[in-house]
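Me: I am new to this structure and would like to go through it step by step. Could we begin with the rings and then turn to the pockets?

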Amino acid sequence: MQEIANQVVDLLNGLIWGRILIWLLAGAGVYFTLRLGLIQIRHFGHVFSVLRGSRHSDAAGISSFQALCTSLAARVGTGNIAGVAVAITLGGPGAIFWMWVIALVGMATGFVEATLAQLFKIRDDNGQFRGGPAYYMERGLGARWMGVLFSIFLIIAFGFVFNSVQANTISGAMQGAFGIDTWITGVAVVLLTGLIIFGGLRSIARFSELAVPFMAVAYLLMALVIIAMNLGELPGVLATIVRSAFGLEEAAAGGLGAAILNGFKRGLFSNEAGMGSAPNAAASATPHPPHPASQGYVQMAGVFIDTLLICTASAAIILLSGVPVGEAQGSMLVQNALAAEMGDWTRYFLAVVILFFAFTSIVANYFYAENCLVFLEHNHPAGLLIFRLLVLAMVMFGSLASLPFVWNLADVSMGLMAITNLVAILLLSGLALKLARDYNEQRQAGRLPTFDASRYPEIRSKIAPGIWDGDGKR
């Protein structure tokens with residue numbers, strides 16, 4: 001029976017990720033890029049202008065910077081290390097080029113879903129902003145059933161199984177680098193996770209705001225040191241990436257098809273653009289300027305930082321080190337590359353980086369799942385308590401056990417979640433485009449972009465009362 005179940009799950013995974021979702025995500029990214037007029041390129045500088053004012057918040061929401069850090073906490077995980085290594089191993093250096101391409105078009109998808117999440121957010125029973133795909137499915141499309149399906153898929157994948165995966169990665173890294181027993185690591189991770197998640201949304205946001213910049217900067221600095229040590233090799237490595245991307249160095253990889261497929265797959269897994277996860281954080285922010293599209297710009301920055309900075313850092317460490325690809329897999333390849341360049345002490349550094357990357361993912365994944373649970377049952381205290389305890393139990397379970405079947409099942413669940421979200425944002429894309437035009441027309445006229453719900457009579461009744469009124473104030 002178990003063997004049959006494994007075969008079914010493997011078949012579904014191959015169908016969803018190999019034949020449907022990867023091309024649907026890429027296609028949606030290209031579509032939004034064209035419809036928004038290359039917004040991620042033309043307005044790239046404005047992304048950082050919005051970030052400069054992103055520390056503003058009010059009693060109902062977290063700041064845009066905190067929302068960005070929360071989404072990055074989930075995006076930036078072990079996939080930014082091990083996933084990049086897998087992409088290079090299976091697809092050659094050219095996979096990195098296609099990872100850049102999918103991140104670039106994914107920035108437009110991230111803009112659309114974050115903008116919609118801001119528009120259709122609500123206040124929960126505690127007066128805090130909540131929103132995301134489930135909410136814009138219910139309010140924007142009038143399809144609560146769709147939001148329910150999305151929420152169930154996300155809770156299974158992000159709330160339970162992926163948190164077990166991250167805990168398993170942490171316990172393995174601590175045991176390998178420092179010889180710490182997995183059960184000790186498991187207890188420590190459970191206690192730390194409990195302290196944060198029982199503090200609620202603001203506790204999660206404050207933790208992310210502190211931890212994410214620290215871990216990202218530390219890893220990027222290490223990569224910059226290695227780039228500086230090998231500056232003369234950099235042009236040759238970049239040329240190899242481009243040649244391999246178009247199948248001109250097939251002997252060094254699996255050919256053009258392998259480079260594209262692995263680059264797309266690892267990029268999509270990492271930046272999550274179109275998956276429907278990051279909008280859950282985006283909706284919780286108090287946007288500045290006070291317009292839904294401003295959070296779209298903030299979340300475009302998340303895709304850029306995750307893939308074009310942090311994943312590229314991993315690629316630089318591997319390719320500039322000269323360590324033969326194929327002699328090690330996953331994070332071990334990065335570890336070998338660091339050791340070759342900087343010495344054996346770097347295996348301890350990498351273990352700490354993995355600890356931060358994986359632990360912040362646990363906390364942010366929990367928030368996404370809690371957000372969907374609130375959508376399903378409206379902040380029922382007993383339900384929330386039981387859910388938190390189950391999440392902590394799965395973290396402990398993941399620290400001690402490895403069940404590939406369960407993890408593969410989570411991939412299926414995440415795939416179905418992403419397909420549901422993509423259908424919704426494609427159906428609502430006209431509204432997102434109108435919001436983008438409105439925002440930029442005000443900006444070009446020299447005004448602070450401010451959302452005025454009276455200019456959108458077709459959706460006025462769908463916006464939650466008290467969130468956006470006629471003069472743009474919340």
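Me: How many aromatic pairs does the structure hold?
Reply: This is a predicted model, and the structure holds 23 aromatic pairs.

Me: Take Y297 and Y439: what kind of pair are they?
Reply: The pair is tilted, because the ring planes of Y297 and Y439 stand at 40 degrees. Their centres are 5.3 Å apart.

Me: Which helices do they lie in?
Reply: Y297 belongs to helix α14 (residues 292-321) and Y439 to helix α19 (residues 429-444), so the pair ties together parts that are 142 residues apart in sequence.

Me: And are Y297 and Y439 buried or exposed?
Reply: Both Y297 and Y439 are buried.

Me: Which residues do ring pairs link into a cluster?
Reply: W23, F97, W98, F246 and F264 are linked into a cluster by ring pairs.

Me: What sits over the ring of F129, and what over the ring of F198?
Reply: Over F129 sits the charged end of K121, 3.8 Å from the ring centre. Over F198 sits the charged end of R388, 5.3 Å from the ring centre.

Me: How do the lining residues divide into nonpolar, polar and charged?
Reply: The lining of the largest pocket has eight nonpolar, 12 polar and four charged residues.

How values were computed. Residues numbered from 1 in each chain as written. Predicted model: local features only at pLDDT ≥ 70, side-chain atom pairs only at ≥ 80, totals over all residues. Heavy atoms only, no water. Nonpolar A, V, L, I, M, F, W, Y, C, P; charged D, E, K, R; others polar. Phe/Tyr/Trp six-rings, centres within 6.5 Å; stacked < 30°, edge-to-face > 60°. Helix = DSSP H or I, 4+ residues; strand = E, 2+ residues; numbered from the N terminus. Buried < 20%, exposed > 50% of the residue type's maximum accessible area, 1.4 Å probe, protein only. Lys NZ or Arg CZ within 6 Å of the ring centre and 35° of its normal.
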